[in-house]
Amino acid sequence: MIEISVREAIPQDFQEVMRLSLAAASENAISEPDVDLLQDEVKPRLVRDGGVIGVIGGAPGEQLEGLIILKLGSMWYNLEPIIHEQVIYVAPEFRSAKGGRARKLAEWAKVTSEKLGIPLAIGVLSNTRTEAKVRLFERVFGPPAGVYFLHNAKTGLSEAKEG
């Protein structure tokens with residue numbers, strides 16, 4: 001059996017991280033991504049500046065199967081540190097493969113939070129397979145602490161262009 005593991009992304013993973021980030025935006029975003037802004041978010045995380053990126057895949061620079069981007073920040077009401085999950089994404093061709101890649105990425109975020117002693121805010125903002133994603137997160141993190149509502153928009157740019 002193939003052992004699926006998450007490793008910390010490094011600068012040599014930039015092109016693949018961007019490829020997966022743009023694919024995630026096409027599938028889940030509510031508006032077109034700004035590539036320059038996305039690069040400005042990704043590049044620092046590849047050197048542990050203000051966050052970190054976890055990836056599943058080959059050696060640095062090779063094809064990646066999935067990623068999670070975590071950003072260090074705070075809540076709107078105080079300066080206590082918190083880790084914000086920005087995206088968790090598994091490429092479509094690896095979603096049905098054995099190994100539970102999405103779960104591995106979620107567990108990696110949980111362990112990162114515990115090692116740092118900083119709370120993790122992670123959620124599901126999607127109109128596609130939402131219930132399955134919520135069940136996965138409940139298995140990893142326990143009961144949810146809230147829910148998102150999206151008015152006057154829908155996730156999934158690729159679907160929105162078709163419809």
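This is a predicted model: local features need pLDDT of at least 70, side-chain atom pairs count only at pLDDT 80 or more; totals for chains, interfaces and linings use all residues.
Lys-71 lies in strand 3 and Glu-41 in helix 2, so the pair ties together parts that are 30 residues apart in sequence. Helices (H or I, at least four residues) and strands (E, at least two) are DSSP runs, numbered from the N terminus.

Arg-45 and Glu-41 also meet in a salt bridge, at 3.1 Å from N to O, and salt bridges that share partners join Glu-41, Arg-45 and Lys-71 into one network. Arg-45 is buried at 6% relative accessible area, whereas Glu-41 is partly exposed at 22% (buried means under 20%, exposed over 50%, partly exposed in between, with a 1.4 Å probe and protein chains only).

Five strands form an open sheet in the order 1-2-3-4-5, with mixed pairing, where two strands pair if DSSP finds at least two bridges between them. The edge strands are strand 1 (7-8) and strand 5 (120-121), each of which pairs on one side only.

## Basis of the values

Residues are numbered from 1 along each chain as its sequence is written, and side-chain values use heavy atoms, leaving out hydrogens and water. Local features need pLDDT of at least 70 and side-chain atom pairs count only at pLDDT 80 or more, while totals for chains, interfaces and linings use all residues.

Note on methods:
A salt bridge is a side-chain nitrogen of Lys or Arg within 4 Å of a carboxyl oxygen of Asp or Glu.
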